[in-house]
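Subject: Structure for your review

Dear colleague,

Please find below the structure that I am handing over to you. A summary of the findings follows it.

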Amino acid sequence: MRIDIITVLPELIQSPLDHSIIKRAKEKGLVEVVLHNLRDFTDDKHKTVDDYAFGGGAGMLMKIEPLARAIESLSSERDYDEIIYTTPDGTLFSQSTANKLSLLENVIILCGHYKGIDQRIRDHYITMEISIGDYVLSGGELAAAVITDSIVRLIPGVISDETSALSDSFQDDLLAPPVYTRPAEYRGWKVPEILLSGNTKEIEKWRFEQSLERTRKLRPDLLEEDE
Ligand code: 6GU
């Protein structure tokens, strides 16, 4: 898979891509993540990427020309399955969206910044608009990093233990069960007996019950019928 990220702040996204699972996925050749500085697609001396909104109002918008140039330049190299725009007024991101995106070959993520992008870019190029939650970030860069991270870990072969990503919270609409490691007792705080029993079947059953109970208590909304 290849993920191209267009942004005015590549430095803001670089670090999370250079560590942990994404780093290993890149080294294994399972994903390529390429950052593109929008300023490289400007044609004026000042490398202008923003401008005032027609009709007035507070804040600057991302200009249309550099965005169109960046998207068209990438699109001339390969076909993209989705051209994603990160914006607080997008569709709420979820594990099921991450699952779907992880199956794609080529994706562009365009990071919204300032007060957003010229609507014509959304109308003519963008195929998917994503928000990562009902709160406002200073820009779409952190959202793009979040989206990229959640996708990359799902690409087959990225996480060595095949079942590991599948047993994450949300993967089956349930929160993960509590987990414990050594020592079996610390300051008198004991690990549940069942986990030390070696009875795999009973342990699975216990974990499922714990997942269900945790979900009921902490996220009852996850147990409601799908819309
Ligand atoms: Cl994708 N962008 C911004 N700027 N704020 C957000 C967001 C995205 N998702 C939630 N808040």
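The chain contains 8 helices and 9 strands; helices (H or I, at least four residues) and strands (E, at least two) are DSSP runs, numbered from the N terminus. This is a predicted model, in which local features need pLDDT of at least 70 and side-chain atom pairs count only at pLDDT 80 or more, while totals for chains, interfaces and linings use all residues. Residues are numbered from 1 along each chain as its sequence is written, and side-chain values use heavy atoms, with hydrogens and water left out.

Overall dimensions and packing

Taken along the principal axes, the box filled by the C-alpha atoms of the chain is roughly 70 × 40 × 35 Å. Of the 227 residues in the chain, 37% are buried; buried means under 20% relative accessible area, exposed over 50%, and partly exposed in between (1.4 Å probe, protein chains only). Among the contacts in the chain with a separation of 6 or more, 75% are between residues 24 or more positions apart, where contact means heavy atoms within 4.5 Å.

Nonpolar cores

In soluble globular proteins, nonpolar side chains tend to be buried together. A nonpolar core is here a set of buried Ala, Val, Leu, Ile, Met, Phe, Trp, Tyr and Cys residues joined through side-chain atoms within 4.5 Å. The largest such core has 27 residues, of which Met1, Ile3, Ile5, Val31, Ile109 and Val152 touch the most other members. Two or more residues of this core come from each of β1 (2-7), α1 (10-17), α2 (20-27), α4 (95-101), β6 (106-111) and α6 (141-152). Helix α6 gives the largest share, 5 residues. Leaving out residues up to four places away in sequence, methionine 1 touches Leu30, Val31, Glu32, Leu101, Ser102, Leu104, Glu105, Val107, Ile151 and Ile155. There is also a second, separate core of 19 residues, which includes Val49, Ala68, Ile108 and Ile121.

Strand pairing around β5

Strand β5 (residues 82-92) pairs with β6 in the parallel sense over 5 bridges; two strands pair if DSSP finds at least two bridges between them. Strand β5 is also joined by 5 bridges to β7 (residues 128-131), again in a parallel arrangement. Tyrosine 85 has a bridge partner in each of these strands: leucine 110 in β6 and glutamate 129 in β7. Together, β5, α4 and β6 form a right-handed β-α-β unit.

Ligand surroundings

The residues surrounding the ligand are Thr86, Thr87, Pro88, Ile130, Ser131, Ile132, Gly133, Tyr135, Leu137, Gly139, Gly140 and Ala143, each having a heavy atom within 4 Å of it.

Serine 131, one of the residues around the ligand, is found in strand β7 and is buried, with a relative accessible area of 3%. A polar atom of the serine 131 side chain lies 3.1 Å from the backbone oxygen of glycine 133. Apart from neighbours within four places in sequence, serine 131 is in contact with Thr87, Pro88, Gly90, Thr91, Leu92 and Phe93.

Backbone details in the loops

The loop between α7 (162-166) and β8 (185-186) holds proline 183, and the peptide bond from arginine 182 to proline 183 is cis, with omega near 0 degrees. Aspartate 173 lies in the loop between α7 and β8 as well; its phi is positive, near 65 degrees, in a residue other than glycine, and aspartate 173 is partly exposed at 36% relative accessible area. Arginine 187, in the loop between β8 and β9 (189-190), is not a glycine either but has a positive phi of about 50 degrees. Arginine 187 is exposed, with a relative accessible area of 65%.

With kind regards

Notes: A crossover is right-handed if, with the strands pointing away from the viewer, the path from the first strand over the helix to the second runs clockwise. A polar contact is a pair of N or O atoms within 3.5 Å; within protein, one must be able to donate a hydrogen and the other to accept it, and residues adjacent in sequence count only if both atoms are side-chain atoms.
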